[in-house]
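This briefing concerns the packing and surface of the structure shown below. Points are grouped by topic.

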Amino acid sequence: MNYFIKKYYKILSQLDNYKNDIINLDKKAGNNVYSKYVNEIDNLLLQKYIKFEKLLSEIKED
């Protein structure tokens, strides 16, 4: 189970890094072209972090 948790967290971290890269691209472009993608990634990350926390709480209860 620890393997799964580490892999899941790694994927979430990579997605967060991609979001930061897009934010930096957006700042360089100066016209917020990518802001809709940042919002979509933020929503996805929020959903997955909530799911991840729920999973961890279920594991701790066992």
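In this predicted model, Phe52 is in contact with Ile5, Tyr8, Tyr9 and Leu12, neighbours within four places in sequence being left aside. Phe52 also belongs to the largest nonpolar core, which has 10 residues.

**Helix α1**
- The 28 residues of α1 should span 40 Å at 1.5 Å a residue, and the 41 Å between its end C-alpha atoms agrees with this.
- Ile5, Tyr8, Leu12, Leu15, Lys19, Ile22 and Asp26 are the buried residues of α1, and their cover includes α2.
- Gly30 follows α1 and has a positive phi, near 75 degrees.

**Helix α2**
- Within α2, the residues Val38, Ile41, Leu45, Phe52 and Leu56 are buried; the buried residues of α2 pack against α1.
- An α-helix has 3.6 residues a turn, so residues three or four places apart point the same way.

**Loop and surface patch**
- Val33 lies in the loop between α1 and α2.
- Because its relative accessible area is 44%, Val33 counts as partly exposed, a class that lies between under 20% and over 50%.
- Together with Leu25, Tyr34 and Tyr37, Val33 forms a nonpolar patch on the surface, and the four residues have about 350 Å² of accessible area together.

Technical notes
Residues numbered from 1 in each chain as written. Predicted model: local features only at pLDDT ≥ 70, side-chain atom pairs only at ≥ 80, totals over all residues. Heavy atoms only, no water. Buried < 20%, exposed > 50% of the residue type's maximum accessible area, 1.4 Å probe, protein only. Helix = DSSP H or I, 4+ residues; strand = E, 2+ residues; numbered from the N terminus. Contact = heavy atoms within 4.5 Å. Core = buried A, V, L, I, M, F, W, Y, C linked by side-chain atoms within 4.5 Å. Patch = residues over 30% accessible without salt bridge, like charges linked within 9 Å, V, L, I, M, F, W, Y side chains within 5 Å. Areas by Shrake-Rupley, 256 points an atom, 1.4 Å probe, with all protein chains shown as cover. Salt bridge = Lys/Arg side-chain N within 4 Å of Asp/Glu carboxyl O. Expected span 1.5 Å × (residues − 1).
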